[in-house]
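This report walks a new reader through a few computed features. Please look over the sequence and the structure before reading on.

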Amino acid sequence: MARVTPISSAAGLKRHLFYQTSHSPALADLVGYEKAKEIIDFCFIANPYFPTPEMLQDLQKNLPSLIKSYPSSSPILSQQNLAAVLHVNPQNLIIGNGATELIVLINMILIDRIAVPIPTFGEYIEKLRDQSDAVLYAPDPAGRYELRLMDYLDWVHERKLKAVLVINPGNPTGQFISLEEMMDFIDRAGDMELVIVDESFIDFAGDPVPSLLPLADRFSNLLIVRSMSKHCGVPGLRLGYCYSGNLYLLNRLRGLIPTWNLNTLAQYFLSLLPATDAAYHEGRKRLIGDVRWLQGALQSISGLEVYPTGANFVMLKIKSGMTAAELQMRLLEEHQMYVRDCSNKLGMDNLHIRVASQGRERDARLVEALRALLQ
Ligand SMILES: Cc1ncc(COP(=O)(O)O)c(C=O)c1O
């Protein structure tokens with residue numbers, strides 16, 4: 001591997017950015033576009049095996065004409081391309097400029113008050129009309145923040161809430177809830193107006209994928225949200241979707257989606273999906289294997305507690321006396337590795353980091369760096 005120069009504040013690490021956002025700053029913002037290429041990003045979560053090199057070449061080849069064209073003003077073709085690989089009805093999909101665009105709209109128009117288990121992906125709280133409309137459910141940190149669905153639902157019922165969120169597998173915990181348990185939960189949540197299940201990481205939870213998608217039409221109050229940044233490895237393209245069997249619910253959202261919300265590169269990427277589906281699933285299964293390996297290797301480091309995961313990332317509790325912020329900074333400055341300090345997530349202490357798998361070889365380097373810093 002090419003030698004890299006260490007990053008230091010003098011070299012321009014913009015530390016103040018960590019205090020300006022509830023998300024993690026992009027690497028290019030932190031250190032500049034050129035330096036960012038030398039750092040391994042374990043912080044943002046994206047499948048390293050997709051798009052394939054051939055797809056990237058194809059996108060590159062078409063970039064000049066795509067940049068100079070307007071995107072389609074109709075979402076139908078993109079919906080059909082996506083529906084072909086998800087095996088669902090295209091009419092029941094809405095594709096967003098990242099799942100975040102859809103979460104903002106869902107929060108704005110479908111939700112009055114909603115139960116949200118924490119820690120969580122912050123947009124589900126921050127983009128509500130009023131943040132106090134999120135009624136927070138905090139599982140016990142001593143019990144590894146484990147969300148027990150039936151306890152959660154009893155709590156929701158006691159408060160007479162009508163909307164409820166579950167992220168499965170959870171972010172940042174990685175906790176996976178089985179399809180059977182999810183079905184049972186949704187059955188028992190039949191009196192809710194809206195059940196949002198965010199399955200952004202479900203493709204890494206097993207094979208076959210234990211998703212609610214094929215069963216979603218049975219539940220008129222169910223809305224599934226998925227980010228393509230994670231499972232398709234394209235955070236920069238900004239793609240995400242939601243699915244519901246309830247067209248009335250979807251049409252309320254559709255009315256607010258801006259024309260041309262998907263850019264030409266994103267639309268072109270979607271057009272490649274049907275022909276590349278086999279490669280996608282090959283990469284997906286390979287990554288599941290990598291995460292299992294990563295989990296096992298991390299367990300061999302005595303200064304860490306490793307959380308169980310069904311996602312393509314692992315949450316870790318530091319037990320060596322170092323804080324998450326200190327460890328993040330030392331990995332960045334001394335090892336050119338970027339991990340997620342979870343301290344700013346609601347409900348979390350300052351001892352947790354989250355690492356996304358970047359494939360076996362890079363993951364092995366992360367394990368060695370953590371061993372060197374913590375043991
Ligand atoms: C659970 C979950 N849902 C949705 C998103 C939004 O992803 P994007 O807007 O990149 O599609 C994220 C991003 O981290 C997430 O963790």
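Helices (H or I, at least four residues) and strands (E, at least two) are DSSP runs, numbered from the N terminus. In these terms, Leu128 has its place in the loop between helix 6 (123-126) and strand 4 (134-137). The model is a predicted one, in which local features need pLDDT of at least 70, side-chain atom pairs count only at pLDDT 80 or more, and totals for chains, interfaces and linings use all residues. Residues are numbered from 1 along each chain as its sequence is written, and side-chain values use heavy atoms, with hydrogens and water left out.

Leu128 is buried, with a relative accessible area of 6%, where buried means under 20%, exposed over 50% and partly exposed in between (1.4 Å probe, protein chains only). Leaving aside neighbours within four places in sequence, Leu128 is in contact with Asn107, Ile111, Ile114, Asp133 and Ala134, contact meaning heavy atoms within 4.5 Å.

Elsewhere, helix 13 and helix 14 pack at an angle of about 115°, with their axes 11 Å apart; axes are lines fitted to C-alpha atoms, for helices over the stretch in contact, and angles run from 0 to 180 degrees between N-to-C directions. The table lists the contact by helix.

| Helix | Residues of the helix | Residues in the contact |
|---|---|---|
| Helix 13 | residues 324-335 | Leu327, Arg330, Leu331, Glu334 and His335 |
| Helix 14 | residues 360-374 | Ala369, Leu370, Leu373 and Leu374 |

These contact residues divide into six nonpolar, one polar and two charged, with Ala, Val, Leu, Ile, Met, Phe, Trp, Tyr, Cys and Pro counted as nonpolar, Asp, Glu, Lys and Arg as charged, and the others, Gly among them, as polar.
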